[in-house]
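Take a look at the model first, then read on by topic.

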Amino acid sequence: MASSMTLFLTGLTTGLLAGGASCAAVQGGLLASAVTRRHDALSDENHRHVGPFAPVGAFLGAKLISHSLLGAALGIVGAAIQPSPHLQALLLIAAAVLMVLFALDLLGVAAVRRLVPHPPAAWGKRVRRSAKSSSATAPAILGFLTILIPCGVTLSMELVAITSGSPVAGAAVMAGFVLGTGPLFAVIGVVLRSATRLWQGRLSIATGVVILAVALWTVTSGIRLGGWWPDGSTSAAASAVPADAVRSAPDGRQLVTIQARSDGYQPEIVTAKAGIPTTLVVATNRTGGCVRSFVVPDLDKQLVLEPTGEATIDLGTPKPGTLSYSCGMGMYGGRVVFQGA
């Protein structure tokens, strides 16, 4: 499992780059409506006292609470079902597919409109009724209920929360995502009165392009996490492997050592001998980030590395072939190539 901080940063980055625009396209008009009605219900003196940020803050704060609770619940589900590395990879790829569908819809591709998932109509009606209220609590209620009308990128982050396998990590990715969307929602709530105008023309196109870029990154991570990344050439990498990456233990076992660093694994490709009992050694030295979540998909192995130390995995007697590994988010990876005599 990836660390909570790594997942928080993943959610935050996704929210900043794509989530704010995509979710505001779905929910921005509701926020603008609630803020405007609240403004109209207040006298000028009361409005000066309350200020324009109070309803927006209530909306975003309640949204943060509801989505964090949802993320925790999804993390519990993930822990209960304990998805294998391959299933986690498929969930990431499914998240990327959702992003692609939503991006194409923003770009005006009519053929995908029916394929874009939508929440039940009754949920949307309930939320929109809240948006029409001039009550002081209406923005907070509306923010909490946005959990019922997620955009495509939100659905993708919910799948990531499931793969986290932890209530804390699941809450972290959803909290980071909501915080990432916050700046754009704040602009909509404070400055705009008709948010739907924001999504006409060029901005919708730019949003779709950004979401496609995030989807590409996500599907790449899924492919790497599943161990399906193309092998490529190993000749250049093999010549750069440190001399102590592959060595013999006193009992005759073959030791393959990988250095897990905060920015990836070194060396990325190691060439070892097949047909010899082998142990994979993963060494850390003040290492942080998702590389501490070490996954070997083909062996269905997942372990969380200590910040400093060594972890070992018995590989048995490997046959000629390639054994891939990655971090728990599929961001970094590498492989061991076993060659026959």
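Begin with Arg286, which is exposed because its relative accessible area is 75%, above the 50% cut-off. The model shown is predicted.

- Most residues other than glycine have a negative phi, and most peptide bonds are trans.
- Arg286 has a phi near 55°, a positive value in a residue other than glycine.
- Arg286 sits in the loop between β5 (278-284) and β6 (293-296).
- Asp300 also has a positive phi, about 55°, and is not a glycine.
- Asp300 is placed in the loop between β6 and β7 (301-304).
- The peptide bond from Gln266 to Pro267 is cis, and its omega is near -10°.
- Pro267 belongs to the loop between β3 (264-266) and β4 (269-273).

- Strands of a sheet pair through backbone hydrogen bonds, either parallel or antiparallel.
- Phe294 stands opposite Cys327, a residue of β9.

- Strand β2 covers residues 254-261 and is mostly covered, with six of its eight residues buried.
- Val246 stands opposite Val256 in β2.
- β1 and β2 form a hairpin with five residues between them.
- Gly252, in the turn of that hairpin, has a positive phi of about 95°.
- β2 and β3 form a hairpin too, with two residues between them.
- Ala260 has Tyr265 in β3 as its bridge partner.
- β5 pairs with β2 in the parallel sense, over seven bridges.
- Gln259 stands opposite Ala283, which is in β5.
- In a regular strand the side chains alternate between the two faces of the sheet.

**Helices and the loops between them**

- Val214 is located in helix α9.
- Is Val214 buried or exposed? Val214 counts as buried because its relative accessibility is 9%, under the 20% cut-off.
- Val214 and Val100 are 114 residues apart in sequence, but their C-alpha atoms are 9.1 Å apart in space.
- Ala111 is in the loop between α4 and α5 (121-131).
- Ala111 counts as exposed, at 66% relative accessibility.
- Ala111 and Leu101 are ten residues apart in sequence and 9.9 Å apart in space, C-alpha to C-alpha.
- Ser166 lies in the loop between α7 (152-164) and α8 (167-191).
- Ser166 is buried, because its relative accessible area is 18% and the cut-off is 20%.
- What does the side chain of Ser166 reach? The side chain of Ser166 reaches the backbone nitrogen of Ala169 at 3.3 Å.

- Val77, Ile81, Leu87, Leu90 and Trp228 make a nonpolar surface patch of about 450 Å².
- Two helices, α3 (53-81) and α4 (85-106), each supply at least two residues of the patch.
- Trp228 is in the loop between α9 (202-225) and α10 (235-239).
- Trp228 counts as partly exposed, because its relative accessibility is 39%, and that class runs between 20% and 50%.

How values were computed:
Residues are numbered from 1 along each chain as its sequence is written. This is a predicted model: local features need pLDDT of at least 70, side-chain atom pairs count only at pLDDT 80 or more; totals for chains, interfaces and linings use all residues. Side-chain values use heavy atoms; hydrogens and water are left out. Patches are made of residues with over 30% relative accessible area and no salt bridge: like charges are joined within 9 Å, nonpolar side chains (Val, Leu, Ile, Met, Phe, Trp, Tyr) within 5 Å. Accessible areas come from the Shrake-Rupley method with a 1.4 Å probe; for residues, only the protein chains shown count as cover. A salt bridge is a side-chain nitrogen of Lys or Arg within 4 Å of a carboxyl oxygen of Asp or Glu. Helices (H or I, at least four residues) and strands (E, at least two) are DSSP runs, numbered from the N terminus. Buried means under 20% relative accessible area, exposed over 50%, partly exposed in between (1.4 Å probe, protein chains only). Two strands pair if DSSP finds at least two bridges between them. A polar contact is a pair of N or O atoms within 3.5 Å; within protein, one must be able to donate a hydrogen and the other to accept it, and residues adjacent in sequence count only if both atoms are side-chain atoms.
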